[in-house]
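The sequence and structure are shown first, followed by points grouped by topic.

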Amino acid sequence: MASSFSKSKTLIPNLLSSTLGGLLRRTLIPSAIPRFGPAFVTSRRFESIRAEPAESPDDLEVLDFPGGKVKFTSYMKFISETHDERIHCYRVLNDDGFPVTNNFVKIDKKVAVKMYTDMITLQTMDTIFYEAQRQGRISFYVTTIGEEAINIASAAALHMDDFIFPQYREPGVLIWRGFTLQEFANQCFGNKDDNGKGRQMPIHYGSNQHNYFTVASTVATQIPHAVGAAYSLKRDGRDACTVVYFGDGGSSTGDFHAALNFAGVMEAPVIFFCRNNGWAISTPVSDQFRSDGVVSRGKAYGVRSIRVDGNDAVAIFSAMSAAREMAVKEHKPVLIEALTYRAGHHSTSDDSTKYRPADEIELWKSARDPVTRFRKWIQREGWWDTAAESQLRGNLRKQVLHAIQVAERAEKPPISEAFTDVYDVPPANLCEQEMSLRDTITRHPQDYPSDVPF
């Protein structure tokens, strides 16, 4: 059943020098990745499933157990529940935008400028859409304030063939891939041009064109989905991976643990990207787990892991570039934990000042803002200036306001769309429900929106 791999001692292409590369890579890797037939089972299988008799006195000190040989010891010692020192956090730019190392993937001017303009686009969209919700023009909104670098820098390191499984705080990935401001507005207003035909609440974006799976509110369900899709890519011999985003709260679910175990065993080309922003709505990480964050969990499931400064765009770009190389070339899962801070409220239904001190929020908004840090770096590189900044922000504000006005005036999807796209031929009970709804609207028109085609 299992296909066999030929292996050789091959060094991973030296994307990065010792520090980052050493954290992520392993020396021995498969030299060839075959295409996988229907009967494919992962290459990493136990060498033995039964104990063998000892051949010498020395062998009595080793248990030949399924999964590998285990040495015996006469010293009873429990593994400590804590580390003497927390796992270090990889960074390139300090808070003032100065590089503290040369150990990073180089970013050229064109990519760097696009990264920055997309960060400002995300900031501007968040500000205006949030205001629109407060004005009652849309029902709900979620901002990415403080997490702009995670959105844009991670997306910049990927290829368009890679599949994205978002949580709900990654619209910047769509911005990078070409999703327009008008498309964002259409979704939030649920008009006839919305990809989801008005069936989803605002910010639940999705786009087949951009390989971006539709957002689901259920926490962490996208994580095992991403692993399954990655395994499919591997079986098809595709030079692509999946990337799944989730928060620290998502790592407290059973789906997270099941997904990491499946990915580790089946060697699925998936990147687990945890946005550890310190809070799962109002629950701090200190009330969620006693482990050293999320990164420490990767090793338990045989998944390579790294902790990154989530407010450092260059570090995120470098780590994601290296992780993608491992996922695609070696067909290995990778876990990235990005330490950041949700500088805004969880959503428009939340007031984070009820459970977080206001001065803490202000510190992260000002002194540790990822957009400001990246701007300082590209300015020192001579790629940006004050005039470009002013022009960009002015133009973007006009574009977002225009997109909202167009989306707000557009027609809503017809009532019939609420009953399509599930069954090829609608069953009788669904037809009855549609007839009942139409009858109810006819008898009580004052209780239903007048702009929905009936």
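The model is predicted. Together, β10, α8 (residues 313-330) and β11 form a right-handed β-α-β unit.

**The helix**

- Helix α8 is mostly covered, with 16 of its 18 residues buried.
- At the start of α8, the backbone nitrogen of Val314 has a side-chain oxygen of Asp312 within 3.1 Å.

**The strands**

- All six of the six residues in strand β10 (residues 304-309) are buried.
- Both faces of β10 are covered: one side carries Arg304, Ile306 and Val308, and the other carries Ser305, Arg307 and Asp309.
- Strands β10 and β11 (residues 334-339) run parallel and are joined by six bridges.
- Val308 has Ala338 of β11 as its bridge partner.

**The nonpolar cores**

- The largest nonpolar core has 77 residues, of which Met115, Phe129, Tyr205, Met320, Ile336, Phe374 and Trp377 touch the most other members.
- Helix α8 gives the most to this core, contributing 11 residues.
- A second, separate core comprises 25 residues, including Phe165, Ala230, Leu233 and Ala263.
- Apart from neighbours within four places in sequence, Phe129 is in contact with Ile138, Tyr141, Phe184, Ala185, Cys188, Val400 and Ile404.
- In soluble globular proteins, nonpolar side chains tend to be buried together.

Note on methods:
Residues numbered from 1 in each chain as written. Predicted model: local features only at pLDDT ≥ 70, side-chain atom pairs only at ≥ 80, totals over all residues. Heavy atoms only, no water. Buried < 20%, exposed > 50% of the residue type's maximum accessible area, 1.4 Å probe, protein only. Helix = DSSP H or I, 4+ residues; strand = E, 2+ residues; numbered from the N terminus. Pairing = 2+ DSSP bridges. Right-handed = clockwise from strand over helix to strand, strands pointing away. Core = buried A, V, L, I, M, F, W, Y, C linked by side-chain atoms within 4.5 Å. Contact = heavy atoms within 4.5 Å. Polar contact = N/O pair within 3.5 Å; in protein donor to acceptor, adjacent residues only side chain to side chain.
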